[in-house]
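Here is a short briefing on one protein model. Look at the sequence and the 3D view first, then work through the points.

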Amino acid sequence: TRPHQADQTLRQRGEKSDAEQTSDFVMDARCKKVDPDNDLVDWNKPLLWQVGHLREKYDEWVHQPVDRPIRLFHSDLIEACTKTAWYMVPLVWFPIVLVSSWYLYSELARGNTRLFTSITTDYSIPVHKYCYPIFFLFGMFLWSLVEYLIHRFVFHMNPPASNYYLITLHFMLHGQHHKSPFDGSRLVFPPVPASLVVGLFLGAFHLLIPGVIGLSIFVGGLGGYVVYDMVHYYLHYGSPKKGSYLYGLKAYHVKHHFEHQKAGFGITTRLWDYPFRTSIPEETFDKSH
């Protein structure tokens, strides 16, 4: 199947409603139908506790995408916490970003924030309130790097075939997305588990850069995360105009899923794939257009 056919299918899929997406789950010609009699797992049971037993067969199996959703847990409540509609991400996090931005801007406007006070109080530099957008954008830039590092080294870790728990963890974090890449209920990070991760990041960041400046950078990073989740959803279901930036990202991400799972880790930008030498070869990318 030619790569441009995959993009055409994705584009057509992006024009369907959520109900149609559930009933007509086939997203790409390279997604295969599940053969319950010959597959390595029992699709009538939650998969999370089965994949660890695949051992050396796991890597090949997880990168053979299928045309159906996946159930991870026995518990309906826990299973529900692993799914969410795309609009829940901006609905939950954008108000937090906006309110936090206003609060931090107001704190900077007090004129009490200075740089290098831990080194010297005589030559510390006052921070103007109009520096907030700079800190915010720097946080978004840092997020783009964090996005790359998490996707490459956490989501695409190579669990040892002998380690049941690492295989299970990998499948829960990202393997299930590559096995079922067009399950719309699992394309963005659900707010409940996301809040725990955000809390951990906030605590760690506060230790590294305490105070208003550190929080300002962190909120920018949180805004970057929201953009990342929305872009990732759009790359699967959206219909960007040919030749646009998002069209290029979409073609790039399709290739990551179906041809180059060990490359192309950038989602919102391909920037970090270049210095880390994980970019998808341009000659391969160009042939899909």
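**Helix 7 and its surroundings**

The buried residues of helix 7 pack against helix 3 (58-62), helix 6 (132-155), helix 9 (211-237) and helix 10 (245-258). Here, helices are DSSP runs of H or I with at least four residues, strands are E runs of at least two, and both are numbered from the N terminus. Buried means under 20% relative accessible area, exposed means over 50%, and partly exposed is in between, with a 1.4 Å probe and protein chains only.

This is a predicted model: local features need pLDDT of at least 70, side-chain atom pairs count only at pLDDT 80 or more, and totals for chains, interfaces and linings use all residues. Residues are numbered from 1 along each chain as its sequence is written, and side-chain values use heavy atoms, with hydrogens and water left out.

**Shape of helix 7**

- Helix 7 covers residues 164-179 and spans only 18 Å between its end C-alpha atoms.
- A straight helix of 16 residues would span 22 Å at 1.5 Å a residue (the expected span is 1.5 Å times one less than the number of residues).
- Helix 7 has a kink of about 60 degrees, centred on Met-172 (the bend is the angle between axes fitted to the seven residues ending at a residue and the seven starting there).
- Asn-163 caps the N-terminal end of helix 7, with a side-chain oxygen 3.1 Å from the backbone nitrogen of Tyr-165.
- The buried residues of helix 7 include Ile-167, His-170, Phe-171 and His-174.

**The whole chain**

- The protein chain has 11 helices and 2 strands.
- Along the sequence, the pattern is α-α-α-α-α-β-β-α-α-α-α-α-α.
- Of the 289 residues in the chain, 45% are buried.

**Nonpolar cores**

- The largest nonpolar core has 36 residues (a core is a set of buried Ala, Val, Leu, Ile, Met, Phe, Trp, Tyr and Cys residues joined through side-chain atoms within 4.5 Å).
- Val-89, Trp-93 and Tyr-225 have the most contacts inside this core.
- Helix 9 gives the most to this core, with 14 residues.
- Beyond its neighbours within four places in sequence, Tyr-225 is in contact with Val-89, Trp-93, Trp-143, Phe-189 and Ala-194 (contact means heavy atoms within 4.5 Å).
- Another core lies apart from it, with 16 residues, among them Val-51, Tyr-58, Trp-61 and Phe-73.

**A buried loop residue**

- Thr-84 sits in the loop between helix 4 (76-81) and helix 5 (88-109).
- Thr-84 counts as buried because its relative accessibility is 11%.

Conventions:
A polar contact is a pair of N or O atoms within 3.5 Å; within protein, one must be able to donate a hydrogen and the other to accept it, and residues adjacent in sequence count only if both atoms are side-chain atoms.
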